[in-house]
Amino acid sequence: MKRLACPSVVRAAESMVRATASHELPPDFLDALRDDIATFLDLDMAILGAEPADYDVYEAGIAAEYIPVHGLNNFRVGRAAFLRNMLSRERLFHTERFHHRLDAAARANLRRWLLDLAT
């Protein structure tokens with residue numbers, strides 16, 4: 001990347017990817033990048049607000065990736081903790097556009113899968 005883009009672009013891209021670990025806007029970002037990072041994070045989380053059948057495919061993919069590594073019980077505990085954490089947030093999405101369009105559907109999907117993991 002360093003040979004393909006200027007260092008500031010590479011640093012911004014790296015910061016955006018790192019921000020997906022918590023899905024929070026880093027406090028040290030320049031204001032000029034905050035909107036871009038907010039949109040990037042919302043795009044990463046947009047699947048949460050997908051139609052239920054599409055979200056189910058997403059969850060099945062996550063399970064297929066994690067269960068062989070961590071085991072079914074650990075996966076269920078960890079995934080349930082993630083879903084509860086997401087549901088406890090005041091906002092799932094940083095931008096108004098994503099918040100208004102996807103928040104209700106995302107919360108419905110998260111609640112549905114949290115119940116599924118409990119059974």
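**The largest pocket**

Begin by selecting the lining of the largest pocket, whose residues divide into seven nonpolar, three polar and two charged. The model on screen is a predicted one. To display this lining, select Met45, Leu48, Tyr58, Ile62, Glu65, Tyr66, His70, Asn74, Phe75, Gly78, Arg79 and Phe82. The elements that contribute two or more residues to the lining are H3 and H4. The volume of this pocket is about 240 Å³.

**From the pocket to Leu48**

Keep Leu48, one of the lining residues, and hide the others. Setting aside residues up to four places away in sequence, Leu48 touches Tyr55, Tyr58, Met86, Ala105, Ala106, Asn109 and Leu110. Among these partners, Tyr58 also belongs to the pocket lining.

**The largest nonpolar core**

Next, select Leu48, Tyr55, Leu83, Met86, Leu92, Phe93 and Leu110; of the 18 residues in the largest nonpolar core, these touch the most other members. Helix H3 (52-70), helix H4 (72-88) and H5 each supply at least two residues of this core. H5 provides the largest share, seven residues. In soluble globular proteins, nonpolar side chains tend to be buried together.

**Leu110**

Centre the view on Leu110, which is located in helix H5 (residues 96-118). Is Leu110 buried or exposed? Leu110 is buried, because its relative accessible area is 0%, while the cut-off for a buried residue is under 20%. Now show its surroundings: apart from neighbours within four places in sequence, Leu110 is in contact with Leu48, Tyr55, Leu83, Met86, Leu87 and Leu92. For one of these partners, draw a distance between C-alpha atoms: Met86 and Leu110 lie 8.0 Å apart in space, with a separation of 24 residues in sequence.

**Asp103**

Remain on helix H5 and select Asp103, which is also found there. Asp103 carries a charged side chain by the classification used here, and its relative accessible area is 12%, so Asp103 counts as buried. Which residues does Asp103 contact, leaving aside its neighbours within four places in sequence? They are Leu92, Phe93 and Phe98. Of these, Leu92 and Phe93 are among the core residues that touch the most other members.

**Confidence along the chain**

Finally, colour the chain by pLDDT. The mean over the chain is 90, and 97% of its residues reach 70 or more. Among the elements of the chain, H3 has the highest mean pLDDT (97) and helix H1 (residues 7-19) the lowest (80). Where pLDDT is low, the predicted coordinates should not be read in detail.

Technical notes
Residues are numbered from 1 along each chain as its sequence is written. Side-chain values use heavy atoms; hydrogens and water are left out. Helices (H or I, at least four residues) and strands (E, at least two) are DSSP runs, numbered from the N terminus. Buried means under 20% relative accessible area, exposed over 50%, partly exposed in between (1.4 Å probe, protein chains only). Contact means heavy atoms within 4.5 Å. A nonpolar core is a set of buried Ala, Val, Leu, Ile, Met, Phe, Trp, Tyr and Cys residues joined through side-chain atoms within 4.5 Å. On a 1 Å grid over the protein atoms alone, a cavity is a set of points where a 1.4 Å probe fits but cannot get out, and a pocket is an open set with protein on both sides within 12 Å along at least five of seven lines; lining residues have an atom within 4 Å of a point. Grid points are joined across faces, edges and corners, and a volume is the space filled by probe spheres set on the points. pLDDT is the predictor's confidence in each residue, from 0 to 100.
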